[in-house]
Amino acid sequence: MVIKRQVFGEVPGYGMVDLYTLVNRNGFEARITNYGGIVVSLFAPDRNGVWADVVLGYDTLEDYLKDNSPYFGSIVGRVGNRIAGGRFSLDGVEYTLARNNGPNHLHGGIRGFDKVVWAAEALGGPDGPVLRLSYTSSDGEEGYPGTLETVVTYTVTSDNELRIDYGAFTDRPTVVNLTHHSYFNLAGTGSGNILGHELTINSDRFTPIDDTLIPTGEVRSVKGTPLDFTVPALIGARIGDDYDQLAFGIGYDHNWVLNRPDKGLSFAARVREPGSGRVMEVYTTEPAIQFYSGNFLDGTITGKGGAVYRQRDGLCLETQHYPDSPNKPEFPSIVLRPGERYAQTTTYRFLADR
Ligand code: GLA
């Protein structure tokens, strides 16, 4: 079990940030920076024990600081995903947020939790090396009410899991929906697209979207649609089908409502890359998951090792509450009040088929 700390670079106006390397006894390794809580690299073994970095990203901090980083590997908040029209009301008060995604608010705004410096503490826990990140989001930051004390811990467990525990407290009623935005490619970062990855999602229903990717409020069965991943299916098999939901998302960019046996950590999704045999399983305490097939990657980003990231070169599985929850009283609430504790846990577990 190893935790190594090195300087990653300087964030103008803040100072230096670090890159922490967390390794378990099997050699499973995550490199995480306290800028945005970004998972910069994640090394997982294939069926022959060959390691590859399975997340997209950049080699340098300077690249992450550039405007066009599409949330690679980051913690997303205060409210991940979209809020229609960049506005919502809470307890009769209307709040206005940045419209940073067409007419809508996306991923916490102009400077969301992916673009702030987190205080970091490296610890050894009983399950493996731990990086504890904390950030206080001030009252009114990005338009959200309430001071939010946020703690996110990353654990690299002895079962080859990257475990993420999120916790938050507020001093005024607010809305919170934290998630993680790694782009996975189980054949290895920069190795091409993910259309040949096989996906299973433990979900019978999804929330259809309009052409700005805001849920309409309907909760629809996946049965008979290209969004049915109840049994393993190749991501590329139906992504080009003539179905309005795929046209709106330019592929998969939807919220699946998870089938949950109970309130605890339960199985959400599984990805398998047939060539390498690498498998990733996702478990979460959240009610839903956004599967995003990297549709907006367009070949304008040069990432790690000089690789150009093209459309669908990575996939995101963002465990979350439903998009636009603050404006959809019928969806599970994301309101957090003083005295309550926000908590969510998600694990990404890596294994290989034989
Ligand atoms: C999320 C969204 C996508 C896209 C990416 C970032 O996954 O659902 O529509 O905005 O983030 O590019």
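Leaving aside neighbours within four places in sequence, Asn81 is in contact with His105, Leu106, His107, Gln290, Gln320 and Pro323. These contacts come from a predicted model. With a relative accessibility of 2%, Asn81 counts as buried, because buried means under 20%.

A sheet comes next. Five strands form an open sheet, with antiparallel pairing, in the order β19-β18-β21-β24-β27. The edge strands are β19 (220-221) and β27 (316-320), and each of them pairs on one side only. Within this sheet, β18 (residues 205-207) and β21 (residues 253-257) run antiparallel and are joined by three bridges. Arg205 stands opposite Val257 in β21.

Now for the whole protein chain, which holds two helices and 29 strands. Its radius of gyration is 19 Å, close to the 20 Å that the globule rule gives for 354 residues, so the chain is as compact as a globular protein of that length. Along the principal axes, the C-alpha atoms fill a box of roughly 60 × 50 × 40 Å. Buried residues account for 58% of the 354 residues in the chain. Among contacts between residues at least 6 apart in sequence, 66% join residues at least 24 apart. The accessible surface of the protein chain is about 13,300 Å², and 49% of this surface belongs to carbon and sulfur atoms.

Notes. Residues are numbered from 1 along each chain as its sequence is written. This is a predicted model: local features need pLDDT of at least 70, side-chain atom pairs count only at pLDDT 80 or more; totals for chains, interfaces and linings use all residues. Side-chain values use heavy atoms; hydrogens and water are left out. Buried means under 20% relative accessible area, exposed over 50%, partly exposed in between (1.4 Å probe, protein chains only). Contact means heavy atoms within 4.5 Å. Two strands pair if DSSP finds at least two bridges between them. Helices (H or I, at least four residues) and strands (E, at least two) are DSSP runs, numbered from the N terminus. The radius of gyration is taken over C-alpha atoms; the globule rule is 2.2 Å times the number of residues to the power 0.38. Accessible areas come from the Shrake-Rupley method with a 1.4 Å probe; for residues, only the protein chains shown count as cover.
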